[in-house]
Amino acid sequence: MPSPAATDPTPIDSGRSRIPVLARLTSGLRWDLPASLVVFLVAVPLSLGIAAASGAPVMAGLIAAAVGGIVAGSLGGAPLQVSGPAAGLTVIVAGLIEQFGWPVTCAITVAAGVMQVLLGMARVGRVALAIAPVVVHAMLAGIGIIIVLQQLHVMLGSEAGEAALHNILALPDSLAAVDPQAAFLGAVVIALLVAWKHMPAAVRRVPGPLVAVVAATLLSLPFNSDVDRITFDGSLLDALSLPHLPQGEWTAIAVGVVTIALVASVESLLSAVAVDKMHHGERTDFNRELLGQGAANVTSGMLGGLPVTGVIVRSATNVEAGGRTRKSAILHGIWVLVFSLLLAGVIQLVPESVLAGLLIMIGIRLVKVADFQTARVTGDLAVYAATLLTVVFVNLLAGVLIGLALAVLLVVWRVVRASIHAEPLGAAAENRWRVVIDGSCTFLSLPRLSKVLAAVPPASHVTVELDVDYLDHPVHDTLEAWRVRHINNGGSVEIEETGTATLHAAVAGTPARGSSRSALRGGFAPWRSWQRDSATLAADGSGHVPAPVRSVLNGVDSYHRRHAHLLRPHVEELSTFQDPDTLFITCADSRLVPNLITSSGPGDLFTVRNVGNVVGSDRLEPSVEASLKFALDQLSVTSVVVCGHSGCGAMTALLAGPDPQQKAADQSQEGEDGRCPVESWLDHGRPSLESFQAGHPVQVAAEQAGYGAVDQLAMVNVAVQLERLQRHASLQDAIRSGNVHVTGLFYDIATARVLQITPTGISHLDPLPRAHELSPA
């Protein structure tokens with residue numbers, strides 16, 4: 001026998017179970033409800049205008065707006081994006097209606113929606129974003145120009161032509177036969193929209209398009225019946241219609257389907273990206289957004305509506321009005337539906353020239369000066385111009401395809417093109433030349449490479465600087481053949497490879513692009529890793545370079561050739577003053593390069609180096625004292641850093657204690673106190689040794705991290721120097737006031753990692769610290 005609880009159709013906790021559902025339904029309505037009303041007021045006039053510009057039934061715009069809000073808002077992956085009919089599709093839809101009629105265009109919309117759903121299921125949402133933005137911007141600008149050219153004729157009381165060229169040529173005739181009433185109403189709309197952005201913020205809460213359309217419509221009511229107004233037969237329910245299958249011309253149908261699907265998808269995804277930048281909430285799921293947009297287009301087409309896409313104007317309005325969730329988009333669609341059912345008759349009071357003025361402003365705003373300037377600055381102006389002109393004077397699909405092809409070719413040209421040039425070095429009598437190859441060097445660069453190499457005089461001494469990130473086999477063969485020929489003609493060739501791609505790799509396997517330019521190979525790496533045995537400079541003009549200075553002079557030569565011109569713009573302003581941020585006290589060890597491990601440049605660090613990076617014992621060592629005073633009083637540094645390192649020789653000597661044999665060998669170098677200079681200097685580090693032996697917290701932490709005794713002492717030494725600095729009278733007030741910060745660092749040479757040292761412990765600065773990889777001394 002079933003229990004009473006099993007037979008009771010209402011569970012005991014049914015009220016409590018419904019509360020979370022009710023909470024989810026009502027959460028956010030405080031913000032979403034008013035935002036949805038604002039978006040609704042913006043969407044209605046825009047939807048009517050876009051339908052009129054497309055040549056579709058007027059109610060088709062409202063159907064698309066309602067479907068876009070409800071279906072795309074519910075199913076899409078961009079919570080705050082608002083969808084509906086978009087100006088970017090007007091030219092495409094107008095062409096399809098002219099060619100196939102309205103019912104077949106609805107079928108094309110359905111098929112485009114199915115294609116979008118398939119794209120979403122294939123998870124290619126982010127791939128659509130790979131379309132060059134300059135092409136999209138130019139496409140929208142071209143559409144804007146077409147809309148302006150068409151609607152100018154409507155505002156003047158004439159009929160708009162099909163092609164942009166025809167509308168340009170017919171403009172004088174329309175001006176000659178202007179309808180004053182229609183032109184006046186259109187001008188009122190344009191003037192109100194231009195002035196609206198200058199109104200007080202409280203006034204601008206009311207959408208400008210709504211104010212302009214309502215005001216101009218009210219002004220038109222006293223006019224005579226000659227003013228052309230929007231007309232339609234029946235209600236919204238009468239406007240619902242099923243799509244018709246086409247009767248042939250399948251190729252053109254397929255092109256229309258692909259065009260609407262791709263343009264609507266790209267516009268929706270780009271709009272979603274833009275909306276994501278406007279808020280800090282949930283991010284867009286691009287594949288789900290394609291599914292939602294596809295479902296909306298299937299629904300809109302089946303009901304007799306225009307194609308749907310995400311619209312940046314409505315979406316931005318939604319965010320600015322305070323929308324928090326997708327409920328605002330859904331509610332906006334419901335309001336459009338209610339308006340279309342109950343107040344459709346009001347629409348027939350709106351003059352066509354009023355909507356024309358609204359559309360002219362929409363078209364003008366699609367042509368953004370900022371996009372043009374960006375294309376000019378980034379070198380994409382040719383792509384922008386070609387796309388725009390083709391869209392305007394041929395058709396949209398051809399414009400997009402040409403723009404994409406040009407963009408790809410431009411990228412290929414920029415990526416595979418190498419900078420290749422040759423120049424003489426020194427006096428003409430020396431007959432020394434340099435050939436520089438910089439960038440990506442492929443077989444496409446062979447004409448330029450061959451021309452430059454042929455210009456190098458025979459029997460000259462040539463240095464080839466190969467600083468490339470990609471190099472293929474044909475380039476290797478060309479360089480090798482030239483090198484052999486040049487040497488046989490009495491010259492010499494030295495090849496310096498400082499990039500990520502090498503000649504050896506070009507013939508050892510499949511060429512691959514280097515992950516990054518190897519600045520370390522020719523800039524910060526040790527001399528022995530990139531300098532050749534043979535010298536390229538003569539110290540005395542005789543061709544002979546003394547061995548002790550050969551590396552230094554070669555390094556200076558490399559600096560002048562590779563880095564001086566890059567550094568010059570940054571140091572010109574520092575030629576008369578210095579303004580460092582940090583006093584950097586570190587060891588004199590040659591393996592520690594402060595600017596390298598801190599990613600700093602000239603003028604950033606005021607550096608003091610000594611053996612063991614000590615600041616003194618009982619009082620500050622005189623050179624450190626002077627540097628500290630100068631840094632604080634004259635340079636106004638904001639931080640003081642003490643940096644030690646692994647394998648420190650001073651710490652090793654402290655741990656080992658006095659060496660009797662070494663002490664006897666240094667008797668001739670004794671100072672005034674009868675002790676050798678090294679031993680006297682190490683006295684500054686003995687307080688650190690005592691703290692280490694007493695179990696300093698930093699010693700314990702370093703031991704737990706797996707470091708050896710020398711490195712433990714080096715870290716303790718940094719902590720002790722920090723404590724000594726913090727007790728210094730010149731620093732105490734600045735530290736307490738927050739004007740100066742004191743920090744300790746430790747450079748582990750074996751792993752090239754930097755740790756932070758505090759008076760009480762150590763911490764890892766590596767973004768992904770892995771303590772077991774840190775090499776103990």
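Author: Before we start, one term: an angle of 65 to 115 degrees between two axes counts as roughly perpendicular. Also, this is a predicted model.

Reader: Fine. At what angle do α3 and α18 pack?

Author: The angle is about 95 degrees, and the two axes are 9 Å apart. That value falls between 65 and 115 degrees, so α3 and α18 are roughly perpendicular to each other.

Reader: Which residues make the contact?

Author: On the α3 side they are Pro45, Leu46, Leu48, Gly49, Ile50, Ala52 and Ala53. From α18 come Leu355, Leu358, Leu359 and Ile362.

Reader: Staying on α18, is alanine 356 buried or exposed?

Author: Alanine 356, which lies in α18, is buried, with a relative accessible area of 0%.

Reader: What is alanine 356 in contact with?

Author: Leaving out neighbours within four places in sequence, alanine 356 contacts Gln151, Val154 and Met155.

Reader: Which elements give two or more residues to its lining?

Author: For the largest pocket, those elements are α3 (29–54), α7 (133–155), α10 (180–196), α11 (208–220), α13 (250–276), α15 (312–320) and α18 (352–366). The two helices we began with, α3 and α18, are included.

Reader: How many residues line the largest pocket, and which lie nearest its centre?

Author: The lining has 46 residues, and Ile312, Val313, Arg314, Ala316 and Thr317 lie nearest the centre.

Reader: What is the lining of the largest pocket by class?

Author: The lining has 30 nonpolar residues, 6 polar ones and 10 charged ones.

Reader: Step back to the whole chain. How many helices and strands does the secondary structure come to?

Author: The chain has 35 helices and 12 strands. Of its 777 residues, 45% are buried.

Reader: And what share of the contacts with a separation of 6 or more comes from residues 24 or more positions apart?

Author: Those pairs account for 75% of such contacts in the chain.

Reader: What about phi of asparagine 613?

Author: Asparagine 613 also has a positive phi, near 40 degrees, and is a residue other than glycine. Its place is the loop between β8 (605–610) and α28 (622–633).

Reader: Is asparagine 613 buried or exposed?

Author: Asparagine 613 has 2% relative accessibility and counts as buried; the cut-off for buried is under 20%.

Reader: Now histidine 696. Where does it lie?

Author: Histidine 696 is in the loop between α32 (686–693) and α33 (697–704). With a relative accessible area of 9%, histidine 696 is buried.

Reader: What does histidine 696 touch?

Author: Not counting residues up to four places away in sequence, histidine 696 touches Ser691, Val716, Ala719, Glu723 and Pro759.

Reader: Take serine 691, then. What is it in contact with?

Author: With neighbours within four places in sequence left aside, serine 691 contacts His696, Val716 and Val720. Serine 691 is in helix α32 and is partly exposed, at 22% relative accessible area. From serine 691 to leucine 713, 22 residues apart in sequence, the C-alpha to C-alpha distance is 8.8 Å.

Reader: Last one, alanine 650. Which helix does it lie in?

Author: Alanine 650 lies in α29, residues 649–656. Alanine 650 is buried, with a relative accessible area of 7%. Apart from neighbours within four places in sequence, alanine 650 is in contact with Val611, Gly612 and Leu682. The C-alpha atoms of alanine 650 and cysteine 587 are separated by 9.2 Å, with the two residues 63 apart along the chain.

Terms used
Residues are numbered from 1 along each chain as its sequence is written. This is a predicted model: local features need pLDDT of at least 70, side-chain atom pairs count only at pLDDT 80 or more; totals for chains, interfaces and linings use all residues. Side-chain values use heavy atoms; hydrogens and water are left out. On a 1 Å grid over the protein atoms alone, a cavity is a set of points where a 1.4 Å probe fits but cannot get out, and a pocket is an open set with protein on both sides within 12 Å along at least five of seven lines; lining residues have an atom within 4 Å of a point. Helices (H or I, at least four residues) and strands (E, at least two) are DSSP runs, numbered from the N terminus. Ala, Val, Leu, Ile, Met, Phe, Trp, Tyr, Cys and Pro count as nonpolar, Asp, Glu, Lys and Arg as charged, and the others, Gly among them, as polar. Axes are lines fitted to C-alpha atoms, for helices over the stretch in contact, and angles run from 0 to 180 degrees between N-to-C directions. Angles under 35 degrees count as roughly parallel, over 145 as roughly antiparallel, 65 to 115 as roughly perpendicular and the rest as oblique. Contact means heavy atoms within 4.5 Å. Buried means under 20% relative accessible area, exposed over 50%, partly exposed in between (1.4 Å probe, protein chains only).
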